[in-house]
Every structure is written in C-alpha cells, then in structure tokens.
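Work through the exercises below with the sequence and the 3D structure at hand. Try each task before reading its solution.

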Amino acid sequence: MEIKQYWRLFKNGIFGENPVFRLALSLCPAVAVTTSVRNGFLMGIAVTFVMTMVNITVSIFRNLINPKVRIPAYILIIATYTSVIDMTMAAYSRAAYKEMGLYIQLIVVFAIIISRAELFASRNKLLPSAVDGFGMGVGFMVALMLIGAVRELLGKGSLLGIPLVGARPMLIMVLPTGGFFVIGLLMGTFNWIEKRFFGGTGAAPGGHGMH
Amino acid sequence: MNPKDILKITINLTIVCVLAGIILASTYAKTEPVKVRAEEREKQLALKSLLPEADKISEIGKVQLIEGKPEGDIYAGDKSGQTIGYVTDAIGKGYSSFIKMLVAVDPQYRIKAIDILSHGETPGLGDGITERWFQDQFKGKTVDQLEVVKVETKDKIQALSGATISSRGVTNGVKDAIIKLEGKLKEESTKAQGVTEKSPENPGTSR
C-alpha cells in the first residue's frame, strides 16, 4: 500500500467513519467521561493506545485464531492489554495512573475496539490494521474533546479548566442528560456538513445498544 | 459440527486463555510489590503534608469507621517528643461512592487539614470535593461546626452547588472520624492514667 492509502485510512477514522459521530459506537463512555475537554483527552489517549495495540495483535494472529471462537479470543486480547497497562501504570507511573486509571479499566467493554478487531484487523495485514486502530482512536479522541468542550463551556463556564463565562453555568450540561443533548446536536451537525458539502448520506440511523 | 472440530476449537481457545493467563500472572508478580511500596510511600507523604511540623508520625491504633469495612488507622504526630496532632482515616458515604479521606486534628481536636484519598463521585459535580477551596473550609473547625449549608458561610461548611450530597458525605465522614478518634484516645488515656501517675513524666527533650 502507498502512503496516500494509509493517509486515507487514517482520515477515515476521524471523518468518514468517526466512531462516535458516524458509527455511533461507544456512546456510553462518550457520555460518561466528557464533562470536560481534559477528561475527553485522557480517555482518548488511552483508547488510541489500546486500540492500536489490539489491532496489531489481532492482525498478527488472525490466521491462528479459529473463526468460531474469535469473539472470546478478541475480548481476551483486549482484557489482557488493558489489565497489563493498568497494572504497569499503577506500579511505575503513579501520577499518570491517578489521572487515567479509571478510564483504562473501562476500556475492556468498548464496542469500538472489538468492532475494529472484527471488521478490520482480522482481515488485514499488520500495518494497515495499526493505521486503522490509530486513526479510529484519534477520531474517538477528537469526538470526545469536542463534546467535552461544549459541555464544559456550557456546564461549568470554563474551557480546559480556565474560567471564561461569568454567568451561572447550566448544571444540566455536565449531567448525562446534557451529554445526550450535545452528542445528538454534534452528530446532526456532522451529518449536515457531510450532506451539504460532500454529498454524503449521513450516519446510519439507529446505532446499537452496545457499550 | 463434528467432534473433531469441537476439540480443535477447544484447544485453540484454551491456548489463548493460557497465554493470557501467563502474561497477566507474570505482570502481576512483577508490578504488585512495586505498587504496594508506592502506595505506602504515598500515604506517608500524605501524612507528612497534613502534619508538616511533625518530625515523627507513627501509627498508634485502629478505629472502626463503618460497620463491616476494614478498620481505619490512627496516627500521632510528634515534634520534639510532644504530640502536636493526630491523623485519622475517615470514610464518608457520598452520592455514588465511599469517599476515603485522611483528617488531621490538633490535640484539641480542631481540624488542621483534610485530604481526599479516593472517591467515585460524579465527574463535573461531586468531584468538586477535591477542590482546594472546599477542603480549606474545614481548617480550624471543630466537630460542632461541621454542618453543611447551601449559602456562603464562615463558621459552617458551604455545599458545592449541585453536589450537596457529596459535600455532606465528606463533612459527615470527617465528623464521625473525629468523634471516634476522640473517644478512642480518651478511653486509652483513662486506661493509662494509673501508669503515668506512678512514673513522673520525663523532662522535655527540647533544646
């Protein structure tokens, strides 16, 4: 594959198939942790790392894992990665662990990771799989930070922890309810831009009920 | 699916599980002692920052904070042989979690400082309990002043807006811990009364 194709693959994770706004996957953590830009960023970093590593691993072993038990095998791979990272950080990197420990443990059940392992890494070579995992992770991070920015600005009157608005903030925006509002509105905006400027069809309606 | 397939699948999945198990076990064996040491060191540092003037902080006993939970520790901070304060573990029931804290008091049981060790309160609302201004409210307060109100206050505790239950959790946890600490120390000093009367106190070691 050429560089151009890798670049397209990477961009696909951010725009074409953005995990939150286009695939509508992993919405549960997208609501739960996006009360500020910072939280979204930390979660995004953790997901990007795990997803890239899982895609690489699945791609390497794709011909050795029996297709009939691939889902449990993928879940084991994800769980092993998150546990190893969790334990290693808890021991050697206390400051970072205090900030991110909570997020790392959540990652095991993320639909977006298992969905990329199943749809992409299990059918592609190592390098494209790594690029796909990385691109999807960055797309997830961008989405989380966008949601976090809107919620932090409206719900706390600040951005990146810096107070900006003097008026009384709308508490509802930091609650899960506000998270749904913001995700819905941003998803709509993404679809509108896609339709208006790129002639796309918009995200498939529905999504699904996985985490 | 014939029996041969079942066997193949079973072996395949077993290998994956065994591999994962080996990786996890070896990581755990390598990291756990390091983690325990790091946590111990952090607790010492937290104790130090709560009683910065003390030159020696030692554990002096245990206290049952919440029924059915492990006992909390009590520490005494000494400076030149004199007790200048105590630190006790504290647990408060917040909105969505148990809030674990350390509380430092002077010998008159006035609060010197509190420190939140861990909690699982709502991000964006209840997690405001870790903010400096909220914790600083506790400084110099006595047990009777530990009451949460929703307006600005000097001699009580002002609730975080939108997180009254978390604020109350911290306040009640601190209050409860101090009352239990006081009870425990009083009980011990009455027990030790006889001993101290027989052997006169050492003259101060301060220079």
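Predicted model: local features only at pLDDT ≥ 70, side-chain atom pairs only at ≥ 80, totals over all residues.

**Exercise 1: Charged pairs between the chains**

Task: state how many salt bridges link chain A and chain B, and find the residues in them.

Solution. 
Step 1. Between chain A and chain B the count is two salt bridges. A salt bridge here is a side-chain nitrogen of Lys or Arg within 4 Å of a carboxyl oxygen of Asp or Glu. Side chains of opposite charge can pair when their charged atoms come close.

Step 2. Residues are numbered from 1 along each chain as its sequence is written, chains are lettered from A and ligands numbered from 1 in the order in which they are written, and side-chain values use heavy atoms, with hydrogens and water left out.

Step 3. Arg94(A) forms a salt bridge with Glu42(B), at 2.9 Å from N to O.

Step 4. Arg94(A) also forms a salt bridge with Glu39(B), where the closest N and O atoms are 4.0 Å apart. Glu39(B) lies in helix H1 (residues 3-50) of chain B and Arg94(A) in helix H5 of chain A, so this pair joins two chains. Helices (H or I, at least four residues) and strands (E, at least two) are DSSP runs, numbered from the N terminus.

Step 5. For the whole structure, the count over all chains is 16 salt bridges.

**Exercise 2: The interface of chain A and chain B**

Task: describe the contact between chain A and chain B by its residues and its buried area.

Solution. 
Step 1. Chain A gives 25 residues to the contact and chain B gives 23 residues; contact means heavy atoms within 4.5 Å.

Step 2. About 2,100 Å² is buried between the two chains, and carbon and sulfur atoms give 72% of this area. Buried area is the accessible area (1.4 Å probe) that two parts lose on being put together, summed over both.

Step 3. Two residue pairs, with both residues at pLDDT 80 or more, are in polar contact between chain A and chain B. A polar contact is a pair of N or O atoms within 3.5 Å; within protein, one must be able to donate a hydrogen and the other to accept it, and residues adjacent in sequence count only if both atoms are side-chain atoms.

Step 4. On the side of chain A that touches chain B, helix H4 (70-92) and H5 of chain A are the elements that give two or more residues. H4(A) gives the most, with eleven residues.

**Exercise 3: Confidence**

Solution. 
Step 1. pLDDT is the predictor's confidence in each residue, from 0 to 100. Chain A averages 84, and 93% of its residues score at least 70.

Step 2. Chain B averages 85, and 92% of its residues score at least 70. Over residues 197-201 of chain B the pLDDT is below 50, and this stretch has zero contacts in the model beyond near neighbours in sequence.
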